[in-house]
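Work through the exercises below with the sequence and the model open. Each task is followed by its solution.

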Amino acid sequence: MTCNLMAVFFTLQEHTHEVNTGTMERPLEATRMENTTSACVLMERKTHVKINRKQVMLAKLRKSCSCTPEKLKNFLMDFLPVLRWLPKYKCKEYIWGDVMSGLVIGIILVPQAIAYSLLAGLKPIYSLYTSFFANIIYFLMGTSRHVSVGIFSLISLMVGQVVDRELLLAGFDLNDDASPALGDSSLQNDTQSNTTAFNLTIAGMNAECGKECYAIGIATALTFVAGVYQVLMGIFRLGFVSMYLSEAVLDGFATGASLTILTAQVKYLIGIKIPRSQGHGMLVITWINVFRNISEANICDVITSAICIVVLVTAKELGDQYKHKLKFPLPTELVVIVVATLVSHYGKLNEVYASSVSGAIPTGFIPPKVPPFNLMLRVAIDALPLAIVSFVFTVSLSEMCAKKYAYSIRANQEMFAVGFCNIIPSFFHSFATSAALAKTLVKTSTGCQTQVSGVISAMVVLLVLLFLAPLFYSLQKCVLACIIIVSLRGALRKFRDVPARYQVNKMDTFVWIVTTSASALISTEIGLLVGIVFSLLCIIVRTQRPRTALLGQIQDTNFYEDDLEYENLSSVPKVKIFRFEAPLYYANKNYFLKSLYRLTNLDPNLEVARRKKYKKEKRHLKKGDHTTANGLGIGETALQLVPKQTDFQALVVDCSSILFLDTSGVNTLKEILKDYKDLNISVLLACCNPSVIDSLKRGGYFGKDFGSMQEMLFYSIHNAVQFAKDQKSAVCQMPHRTATGDAV
């Protein structure tokens, strides 16, 4: 035995350890270091005291149900974080940045709110309500200082798809320019939930609403249910569901939805009247209808769209290029809307060229109304993906800002905040909201310090709601469509990143492509579901058919690596080192065995069967029977059944990548231990983590008393290899018999 040679073994010993609760048994794992003298280092596993979960839950329940003034105060401050930070507000330090960012976001918010009403299939006034209430409520309940919560294109699209579907089922015309079906006879039947009559008072006029009121009824019901889902998820702490939305899934979902949004705006860009497609394949059907009706394009809308897109894109590119020199972003959207409205009004584009315009936007607030309960039942399923997507985007942006500016957020409180940003505004004719990336980035770049900026933005929207809304009557819809399309630049640029994404991770690229395709070609909700399922399947496939390898020794070191990946590795004589880079469980146990047999070029089951048959035929030969049952001569059969001379006497399994074992995994290791033992090949396990060791113990891998554990389990591959070499040396000094039974 050479100097400084280390052989590490595990032994299990028992001794008593006195604790306050009594005597407990603790296992000792011994590491023996062999040198000129023998020493033994004991590694003692910590004893984990068993927790009585029932008692813990009862204690937590008693603590939660108790009510004291201090606890009530903390609950109120946790529920309304503004009570904690607003009294500590540093006015001189923060006010200028908050006012500037609030004004900029408010100026951006107004044109975007009006534009995104097209996506939601609702009137612009409802988008303004949504933007106003969301900013106020998040100011009270949010924990992020920088996130901009309000109307978001992706959420608006998801709301619009549900609204369109329900309008179609109720028998309404989805054409935006169709006259409102006031007093429609289908609305008189109160017995059908999809034709409920609504009463609304606007400017002192009492009218029975048709399409418009039914649409906002659907949107508010959907928003209310989504908010309830989010609050329930917060109560039951179900935020972990967001973990299943990987970055590739979210990016693919956003890109696919962006294609759908782009497609939905094309008819406004060129001024054609085609029905709003519904259901699966909406993108393809819409493009077919566009090309069929391209000859009916409104030349005024086409020219206006071209000019607006050029101006908006140029301004955005210049803004990105000189953003470090600009103190705040250029309000290009607002300038375009003001100029376009003036041109449309004084040029009488609606009357002369039949260009579609936004129409009347009332001022003030509509009296609050409880969302229709009967419609909630119809949209309960649709509200679930809406709630999840809204929460995930909000928390993701909140965490991004918190990390960048070195503060913490409470994800559970964020879920409550976005939930109440949906529940409360739904009573005020608003629809679903979420944090928006573009406005959040603008907010941070313009000096935002706290959510006081959100109140400033809400005041800007309130100014429009109370006084300025009617001024947008002549605003062309094609201008709003241009604003929406240009805002999709970031999502559509993801296509340029596909080659780089493919180089980084091929599997994530496939997830992105599948999610994007499903979201665009089928529907956004199904696309999200497909993306989640496909990403989980990719994980399963990775563990079901993981990477396997035989390892070689790095010269002059105690380390071992993949023989196929690295040069100048030396093989260890009479020892095979096998690595399996995944947990070993029921789904990949067969692949584990096949890979092991293929790489070692030895199937122990076949080899044992071959040897047994060889011995049987040899006994026939000794008895004088020179023919076998298959008619072949004994000599020919013997040649076919000569036992294979194995080129290794020990198999070391590198368990460093095996995170856990289930019952099938333990049984698989026990199976190879038995099969190779029949061939006089020892199986040694190296680099096992405590979880794997415990699974092996419980599964009886080391026997009942763990007596052979020290000869089967090793801290490192090198320890196992050295033990195999020592074992081989000991065997070589003793006479042994070959597979044919001859003494050597």
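The model is predicted: local features need pLDDT of at least 70, side-chain atom pairs count only at pLDDT 80 or more, and totals for chains, interfaces and linings use all residues. Residues are numbered from 1 along each chain as its sequence is written, and side-chain values use heavy atoms, with hydrogens and water left out.

**Exercise 1.** Find where helix 13 bends, and by how much.

Solution. Helices are DSSP runs of H or I, at least four residues, numbered from the N terminus. Helix 13 covers residues 373–404. The bend at a residue is the angle between axes fitted to the seven residues ending there and the seven starting there. At Val379 this angle is about 60 degrees. After the helix comes Ala406, with a positive phi near 60 degrees.

**Exercise 2.** Describe the surroundings of Ser127.

Solution. Start with the element: Ser127 belongs to helix 5, residues 124–141. Then list contacts (heavy atoms within 4.5 Å): leaving out residues up to four places away in sequence, Ser127 touches Ala113, Tyr116, Ser117, Ile151 and Phe431. Finally, a polar atom of the Ser127 side chain lies 3.1 Å from the backbone oxygen of Ala113.

Methods: Helix = DSSP H or I, 4+ residues; strand = E, 2+ residues; numbered from the N terminus. Polar contact = N/O pair within 3.5 Å; in protein donor to acceptor, adjacent residues only side chain to side chain.
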